[in-house]
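Q: Hi! Could you walk me through how the helices pack in this one? I'd like to look at it together.

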Amino acid sequence: MGTVADKMFSIPVDQLTAATAWTGALCYTLQIFFDFSGYSDMAIGLGRMLGFRFPENFDQPYRSRSITEFWRRWHMTLSHWFRDYLYIPLGGNRCGSVRPYSNLMLVFVLCGLWHGAAYTFLLWGCYHGALLIIERIGRAWITVPTIIQWPATVLLITIGCVFFRSPTISEAKSFLLAMAGMGGTSSLDCSYDVTADKITFFVLGIVFSLVRTRQIKIALPIKQAFAGSVFSYSAMLIAANGFNPFIYFRF
Amino acid sequence: MRLWFITAIFGLMLLPIIQMTIHFAPEYTVNENRALAPIPNSKIALDKFPKAADLWFGDHFGFRSLLISAKAQIDWSIFGTSDRVIVGRSGQLFYKSLENDSIPSYESLLSKKSDIIIHNIDTLTTTLKRQELKPSWLFLR
């Protein structure tokens, strides 16, 4: 997914079509989840080898039906840290009717800045803070139909990922305009990059990020054969394409 | 069963380093159109040593060529694709990066500098005609 996302985000903005922009955004949305979730699982596994038990960091966040639920499932250790050491000391939910919203925004501004000193991260933090505030206020007034809760949440998360991935706010804006069909035109053929193997891994990525695989009873030898195959293919990918650094290694 | 699996995965992880050390299996070779990273020597600066060692290891770990070949074979046999080349209709191979990236590059260049390019082609055409030489390129107007 990373190679496709990198390719689509490297296309000059005047050449970005809606198809390329959506392909890039969706691939990056999957990439960042598996990248960071895998990174966390490695830390948990290494810790367990040394006798430490670390908490889980992700709980299939793309299954969420709201942004509030998303933040209960995504990067849980950071969310808990911000809740315990910033949100609650600031007064949490029990300090009037307006103050909780400003606390929430402050937490997400700092959460954005935690990822790096860049305007894009700041905007990403503000975006999620604003979405949470809108969700809290809106809950009393509007009930979003169940059928659109999940797609709307995934759409909002994907838009947020564009802010996170783009090097500048201007490029993020152009990318989002392209996603909305207001991009440029190009003869660039996406089929050269979105090949059968990439489509297969994209579908597998969606399945593993949405389906509760732990609840499906599969015989241990089948699980082990699958894990062994994935391990071997990953070794081949590293040998052929080199090591792609983890997105979160710099945070 | 679990212990056997853990041992097997651990064994697989150790295989490349064992192969590098004792060369227990015959070497498989792939032709690469680049020079592989050399082994870092004592002349290299201390701060550049980790990077040089990493590059050398990345290019020389055991079974690397076999893994590259297996990946290309899986891509072609299962998915009918390749990371690096496009297979033409008559079996010709084209570098994917050159073919695909050149199109937006030309379009971008033409959209920004089309006047200059057309002016230069016109000037060259006029000059060649003046010297009674017949230009035969595609852009001739």
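**Helix packing and cores**

A: Happy to. One thing to start with: H1(A) and H2(A) pass each other in a left-handed crossing. Keep in mind that this is a predicted model.

Q: At what angle do the axes of H1(A) and H2(A) cross?

A: They cross at roughly 140°, and the axes come within 8 Å. H1(A) is therefore oblique to H2(A).

Q: Which residues make that contact?

A: From H1(A) there are A:Gly2, A:Val4, A:Ala5, A:Met8 and A:Phe9. H2(A) brings A:Thr20, A:Ala21, A:Thr23, A:Gly24, A:Cys27, A:Tyr28 and A:Gln31.

Q: And how many residues of each class are in the contact of H1(A) with H2(A)?

A: Seven are nonpolar and five are polar, with no charged residues.

Q: Which residues of H1(A) are buried?

A: A:Val4, A:Ala5, A:Lys7, A:Met8 and A:Phe9. The elements covering them include H2, H7 and helix H9 (196-210) of chain A.

Q: Let's zoom in on A:Cys27. What does A:Cys27 touch?

A: Leaving out residues up to four places away in sequence, A:Cys27 touches A:Met1, A:Val4, A:Ala5, A:Met8 and A:Phe202.

Q: New topic: H2(A) and H7(A). Where do their axes come, and how do they cross?

A: Those axes come within 9 Å and cross at roughly 85°, so H2(A) and H7(A) are roughly perpendicular to each other.

Q: Which residues meet there?

A: On H2(A), A:Ala25, A:Leu26, A:Tyr28, A:Thr29 and A:Ile32; on H7(A), A:Ile157, A:Thr158, A:Cys161, A:Val162 and A:Arg165. By class, this contact of H2(A) with H7(A) has seven nonpolar residues, two polar and one charged.

Q: Now the bigger picture. How many residues are in the largest nonpolar core?

A: There are 36 residues in it, and those with the most contacts inside this core are A:Met8, A:Ala21, A:Ala25, A:Cys27, A:Cys161 and A:Phe175. Several helices of chain A each supply at least two of its residues, including H1 (2-10), H2 (18-49), H3 (67-73) and H7 (146-165).

Q: Which helix gives the largest share of this core?

A: That's H2(A), with eight residues.

Q: What about another core, apart from that one?

A: There is one of five residues, and A:Ala235, A:Ala239, B:Phe63 and B:Leu67 are among them.

Technical notes. Residues numbered from 1 in each chain as written. Chains lettered and ligands numbered in written order. Predicted model: local features only at pLDDT ≥ 70, side-chain atom pairs only at ≥ 80, totals over all residues. Core = buried A, V, L, I, M, F, W, Y, C linked by C-beta atoms within 7 Å. Buried ≥ 20, exposed ≤ 12 C-beta atoms within 10 Å, placed from the backbone. Helix = DSSP H or I, 4+ residues; strand = E, 2+ residues; numbered from the N terminus. Contact = placed C-beta atoms within 7 Å. Axes fitted to C-alpha atoms, helices over the stretch in contact; angles between N-to-C directions. Parallel < 35°, antiparallel > 145°, perpendicular 65-115°, else oblique. Left-handed = near helix turned anticlockwise from the far one by under 90°. Nonpolar A, V, L, I, M, F, W, Y, C, P; charged D, E, K, R; others polar.
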